[in-house]
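Please read the following report alongside the sequence and the coordinates. It goes through the chains in turn and then the contact between them.

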Amino acid sequence: MNYNGGLLKTQLAVTNLVEINNLHFAYGERPILSDLSMKFPRNKVVAVMGGSGSGKTTILRLIGGLIAPSAGQVLLMDEAIGKPDSAVLYRQRRCMGMLFQHGALFTDLTVFENVAFPLREHTTLPESLLHDLVLLKLNAVGLRNAANLKPSEISGGMARRVALARAIALDPQLIMYDEPFAGLDPISMGVTANLIRQLNDALGLTSILVSHDVHESFAIADYVYFLSEGSIVAQGTPAQMLASEHPYVQQFVQAKPDGPVPFHYPGISLAQDLGLEARHD
Amino acid sequence: MINQWVSHLGRAVRVWLSELGLASRTLFAMLISGLGLWRRPRLITTQIHFIGNYSLVIILVSGLFVGFVLAYQGYYTLNRYGSESALGLLVALSLARELGPVITALLFAGRAGTSLTAEIGLMKAGEQLAAMEMMAVNPLQRVLAPRFIAGLIAMPILATLFTAMGILGGYLVGVQLIGVDEGSFWSQMQGGVDLYEDIGNGVIKSVVFGFAATFIAIYQGYQAQPTPEGVSRATTRTVVLSSLMVLWLDFVLTALMFQ
């Protein structure tokens with residue numbers, strides 16, 4: 001058995017592709033995530049849900065090594081995520097794909113060239129093979145015939161599908177989705193949700209889905225984490241979450257305007273603000 | 001009161017030093033990563049086309065007009081001393097030693113520099129740089145370094161073209177319009193302009209200005225706040241900082257070259 005074969009077998013034997021242990025993260029003095037531990041098993045779609053500002057996207061950025069934790073660790077296949085700009089991190093990123101909220105397509109390149117970009121950067125494939133490979137990736141997201149269009153000529157939903165084709169171009173093991181349903185019409189949302197599930201199963205990926213869209217996320221996720229103010233408040237299968245009596249989960253799932261997440265920004269009352277009531281300092 | 005002043009001054013110096021440190025680190029990392037570009041010259045030639053070719057019209061037209069004005073002003077002064085035959089020499093020396101590199105760099109900062117800052121800033125705002133990093137592609141190597149090298153190459157070429165157009169402009173006004181003798185116009189220029197001392201120093205200046213103006217432009221874009229306002233501020237800073245830096249460097253280089 002050669003070294004690479006042994007390494008591959010060891011990596012495949014790891015049940016959780018990504019693990020987060022006792023993670024803390026802060027922007028300056030402002031804490032974003034505190035004592036967070038999560039597991040992302042292989043070949044599963046795991047949804048990370050929570051309100052705006054709960055720290056969901058920060059988790060993806062930490063896994064991708066775009067930012068470094070203040071304390072704790074993020075493990076990819078049992079190996080700590082490398083430091084920014086390190087060779088280890090760039091090697092690890094070749095196992096990852098990430099779909100950004102608005103696609104983050106290169107606006108000066110065509111759809112075809114966007115998908116071809118990672119292949120051109122990391123492989124020396126002959127042009128004919130690269131051409132076929134890109135068309136197959138685009139076919140998988142239903143946009144083969146849009147190959148020659150520019151990102152400005154396609155809709156938001158299509159842009160996200162192109163970004164998805166680009167994210168899977170190098171056949172990653174992990175794919176992270178940052179709000180893939182935000183701003184999409186119901187048809188595009190359904191198409192995107194189906195694609196996430198189908199690609200996960202067909203390509204044997206592990207998917208981390210950051211979203212606040214309950215219906216679509218619950219339909220495709222195997223496991224769900226609920227996040228509030230940088231901590232996990234509930235976790236389980238979508239069915240368990242639907243049945244949960246946790247007030248935060250209930251407010252979120254049933255879209256109640258008030259609850260543990262207050263409608264009003266915390267501060268003094270309206271009566272106090274209008275001078276109708278004595279201030280209590 | 002004095003304590004407050006000292007405190008403000010200390011803070012300003014600390015911020016300035018930290019900014020300088022970050023810029024130096026970015027420059028160093030970009031230069032190191034840029035070494036790998038020798039295998040992909042196409043990335044650099046594309047940027048030379050973008051930076052150089054798109055600045056060509058403004059550089060050529062400006063050079064022509066500066067030559068027109070130099071000839072008028074030069075003739076006005078030289079004519080007082082009966083030395084109008086030296087007009088060609090005056091135009092050529094002014095352009096090759098000073099005006100060519102400086103005005104080209106100022107125009108470059110306004111045309112190509114702002115374009116570079118806005119392009120990189122918008123790539124950052126649109127998460128394109130983050131997406132590139134997530135694809136295990138280093139933006140310093142893929143985006144910044146080719147633009148920087150292209151700026152270094154394009155600036156001396158543009159400055160040379162500016163100078164050539166300026167001389168042409170000086171000829172049109174001085175010889176064709178005012179009537180200075182054509183033979184003395186060209187022969188005085190040929191005899192008085194030194195290849196190394198005058199043209200060489202001008203080229204050195206334009207390479208230094210290219211280094212400063214291009215790095216300021218791409219650094220401002222790379223460090224821009226990823227918002228429309230942030231990109232707009234970065235673009236303004238590019239013009240202001242590049243212009244001041246070019247004029248300051250011109251003073252330093254001229255002083256050194258005169259010694």
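The text below covers overall dimensions, strand pairing, helix geometry and the interface.

This is a predicted model, in which local features need pLDDT of at least 70, side-chain atom pairs count only at pLDDT 80 or more, and totals for chains, interfaces and linings use all residues. Residues are numbered from 1 along each chain as its sequence is written, while chains are lettered from A and ligands numbered from 1 in the order in which they are written.

**Overall content**

Chain A contains 11 helices and 10 strands. Helices (H or I, at least four residues) and strands (E, at least two) are DSSP runs, numbered from the N terminus. The radius of gyration of chain A is 21 Å, close to the 19 Å given by the globule rule for 281 residues, so chain A is as compact as a globular protein of that length. Here the radius is taken over C-alpha atoms, and the rule is 2.2 Å times the number of residues to the power 0.38. The C-alpha trace of chain A spans about 75 × 45 × 35 Å along its principal axes. Chain B, by comparison, has eight helices and zero strands. Its C-alpha atoms fill a box of roughly 65 × 55 × 35 Å, taken along the principal axes.

**Strands of chain A**

Six strands of chain A form an open sheet with mixed pairing, in the order β6-β7-β8-β3-β9-β10. Two strands pair if DSSP finds at least two bridges between them. β6 (96-99) and β10 (231-236) of chain A are at the edges with a single partner strand each, so one side of each has no neighbour in the sheet. From one strand to the next the twist averages 15°. Axes are lines fitted to C-alpha atoms, for helices over the stretch in contact, and angles run from 0 to 180 degrees between N-to-C directions.

| Strands (chain A) | Sense | Bridges | Opposite residues |
|---|---|---|---|
| β3 (45-50) and β8 (206-211) | parallel | five | A:Val46 and A:Ile208 |
| β1 (16-27) and β2 (30-41) | antiparallel | eight | A:Val18 and A:Phe40 |
| β1 (16-27) and β4 (71-76) | antiparallel | five | A:Asn21 and A:Gln73 |

β1(A) and β2(A) form a hairpin with two residues between them, and A:Gly28 in the turn has a positive phi of about 65°.

**Helices of chain B**

Helix α2 (residues 41-80) of chain B bends by about 45° at B:Leu56. The bend at a residue is the angle between axes fitted to the seven residues ending there and the seven starting there.

Helices α1 (residues 2-34) and α5 (residues 139-178) of chain B pack at an angle of about 95°, with their axes 9 Å apart. That makes α1(B) roughly perpendicular to α5(B) (angles under 35 degrees count as roughly parallel, over 145 as roughly antiparallel, 65 to 115 as roughly perpendicular and the rest as oblique). Among the residues that meet are B:Ala29 and B:Met30 in α1(B), and B:Leu140 and B:Phe148 in α5(B). By class, this contact has seven nonpolar, three polar and no charged residues.

**Contact between the chains**

The contact takes 13 residues from chain A and 10 residues from chain B, where two residues are in contact if their C-beta atoms, placed from the backbone, lie within 7 Å. On the side of chain A that touches chain B, α3 (87-93), β6 and α4 (111-122) of chain A each supply at least two residues. The largest share of that side, three residues, comes from α4(A). It has eight nonpolar, two polar and three charged residues. Ala, Val, Leu, Ile, Met, Phe, Trp, Tyr, Cys and Pro count as nonpolar, Asp, Glu, Lys and Arg as charged, and the others, Gly among them, as polar.
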